[in-house]
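Welcome! Please take a moment to look at the sequence and the model below, and then we will walk through them together.

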Amino acid sequence: MHAVFHIYKGRDRLYLRKDYPCAMGITLSRPFKALDCFWSLTQGDASDQGRFACPELTYPGPSGQRPGMQENIRFEGASFKRRNPKRATLLGLILIGISLVSTQRLSSPLEGAKGRAAHRQFPAVVLTDAPPLQMPGVEVPERNLSHESDCNSPIHWDGDTVYAFNSYNHPWRSSGPDLFHLGNRVSAQLGGVNDNLSIWIESTWRDDSTRTLYGAYHYEPDAICFSNKHLPTMPRIGWIRSRDNGKTWEDLGFIIEARPCQVRCDTESPWDAGGTGDFVFVLDEDQQYFYFYGTSYDARVEEQGIWAARMRFVDRDNPSGKVMKWHQGDWKEPGLWGHVTPSFPVEIDYHRKDGTMFWGPAIHWNTYLNTYVMLLNHAIDTRLNGDGIYISFNSRLGDPAGWSKPKIILSRNQVQAAMTGANLSTTKMENGWYPQVIGTAKGETDKRVGRKGRLFMAGYSQREISFFKPGEQPK
């Protein structure tokens with residue numbers, strides 16, 4: 001199967017026609033628009049072996065135009081040759097191969113860990129009851145929700161003040177003297193059109209030397225498969241910067257995205273027809289790289305699951321085109337449109353009703369264990385209903401194959417017991433989406449935790465988590 005893109009060149013810019021087919025082995029009831037934001041092509045050619053080849057892409061982020069509102073997609077500053085300077089000319093048909101995905105069951109990461117992870121001893125954890133603690137979250141009056149939280153909740157400190165971000169279609173910031181006394185909830189200002197888009201801030205890191213806060217957002221475009229509908233969507237990831245602890249943000253552009261035509265409009269999922277999101281990023285202890293781990297909902301079953309990517313620390317203020325994805329044992333695929341080799345591959349194709357996979361990782365450096373800790377949801381159907389919360393360990397962020405076999409720490413029934421009393425949507429109350437460990441001592445965050453912390457699910461905690469080194473007897 002192939003998707004046909006019609007590229008037209010005007011006097012000073014390129015246009016991608018909106019009403020082209022994007023065949024996925026199904027018959028679409030209306031024209032399908034796979035690309036919905038501006039792209040700036042600094043290099044490229046429209047006739048490279050029947051595919052769209054562009055060695056370097058720069059994205060200005062979702063700012064500039066709301067998806068679905070323009071008749072044509074404008075390509076600014078492209079270095080394509082003009083074939084007819086006097087009129088708009090058809091540059092050519094660009095054929096992008098769409099592989100038909102298999103629906104067979106894949107080998108599960110639960111059936112055994114890979115590589116050196118299979119031969120190590122790993123830490124243990126103990127969960128105990130704790131007083132209820134709910135972050136301020138986001139007020140959603142139409143759903144009668146006062147503290148909704150729809151992704152990982154990043155935390156950072158500035159002096160004696162801790163800041164937390166909760167998102168539900170838009171991020172809100174709260175602050176206080178510690179995690180137990182958060183208040184002052186304010187809407188984060190993303191700027192211009194971004195404030196009207198569906199954006200979640202999922203991870204942050206603060207440079208104390210420059211007092212600059214960096215973040216990454218999960219963006220969900222509208223009208224991917226159907227006009228005037230948000231879902232199913234096709235998420236992508238952008239990079240932002242703040243000088244005032246996240247009250248206002250500057251968008252530095254998209255940095256991680258799946259191939260735009262790897263989409264399944266026949267998906268059984270109510271959430272995602274493709275794309276990549278639901279992620280976390282962490283700076284390594286040597287401050288050489290930011291490592292990203294997230295979830296791929298790609299149309300290609302072999303690229304679904306938990307992926308890894310990285311960006312050099314020195315590129316944090318100029319990130320466009322600087323992220324590289326992990327693929328076949330090396331950091332060799334571009335963050336934009338590149339392939340991935342999942343650390344935890346999907347077990348059953350996500351786009352089937354019984355799609356099964358790990359998703360939504362949260363990672364912290366544990367100062368007591370001297371290792372990285374990942375928490376995960378485990379979906380047992382494409383609606384992301386889960387069977388529990390899982391944990392994995394790795395001494396090196398830069399070794400995506402080195403994560404230990406995920407081990408369940410809360411069953412579905414235990415998750416629901418731990419969510420009792422929360423003011424959250426039903427899906428989160430039943431499944432405990434977005435599990436993460438957050439340290440409660442001064443200076444500890446969602447990225448740095450000691451021997452004990454609080455286990456949060458969707459910004460709500462009723463459990464304390466204690467960590468024990470390999471061979472250490474849990475008390």
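Is phenylalanine 358 buried or exposed? Phenylalanine 358 is buried, with a relative accessible area of 0%. Here buried means under 20% relative accessible area, exposed means over 50%, and partly exposed is in between (1.4 Å probe, protein chains only).

Before going on, a word about the model. It is predicted, so local features need pLDDT of at least 70 and side-chain atom pairs count only at pLDDT 80 or more, while totals for chains, interfaces and linings use all residues. Residues are numbered from 1 along each chain as its sequence is written, and side-chain values use heavy atoms, with hydrogens and water left out.

Let us stay with phenylalanine 358 and look at its ring. Rings of Phe, Tyr and Trp (its six-membered ring) pair if their centres lie within 6.5 Å; planes under 30 degrees apart count as stacked, over 60 as edge-to-face and the rest as tilted. The whole structure holds 26 aromatic pairs. In one of them, the ring centres of phenylalanine 344 and phenylalanine 358 are 5.8 Å apart and the planes stand at 55°, so this pair is tilted. Because phenylalanine 344 lies in strand β25 (residues 344-345) and phenylalanine 358 in strand β26 (residues 357-366), the pair ties together parts that are 14 residues apart in sequence. Strands (E, at least two residues) and helices (H or I, at least four) are DSSP runs, numbered from the N terminus. Phenylalanine 344 is buried too, with a relative accessible area of 4%.

Now follow β26 itself. Since 10 of its 10 residues are buried, β26 is largely enclosed by the rest of the structure. Two strands pair if DSSP finds at least two bridges between them. With strand β27 (residues 371-379), β26 pairs in the antiparallel sense over 8 bridges, and histidine 364 has valine 373 in β27 as its bridge partner. These two strands form a hairpin with 4 residues between them, and asparagine 370 in the turn has a positive phi of about 60°. With strand β31 (residues 448-449), β26 pairs in the parallel sense over 2 bridges; there tryptophan 365 stands opposite arginine 448.

Elsewhere, 4 strands form an open, antiparallel sheet in the order β9-β33-β32-β30. Its edge strands, β9 (124-134) and β30 (435-438), each pair on one side only. β9 meets β33 (residues 460-468) over 8 bridges, with threonine 128 opposite glutamate 464.

Rings also gather in a group: ring pairs link Trp205, Tyr214, Trp239, Phe281, Phe290, Phe292 and Phe313 into a cluster. The charged end of arginine 316 sits over the ring of phenylalanine 313, 4.0 Å from its centre. A charge sits over a ring if NZ of Lys or CZ of Arg is within 6 Å of the ring centre and within 35 degrees of the ring normal.

Our last stop is a disulfide, a pair of cysteine sulfur atoms within 2.5 Å. The count comes to 1: cysteine 225 and cysteine 265, with sulfur atoms 2.0 Å apart. Because cysteine 225 lies in the loop between β17 (212-219) and β18 (236-242) and cysteine 265 in the loop between β19 (250-256) and β20 (276-283), the pair ties together parts that are 40 residues apart in sequence. The torsion about the S-S bond is about -90°, so the disulfide is left-handed. Cysteine 225 is buried at 7% relative accessibility, and cysteine 265 is buried at 13%.
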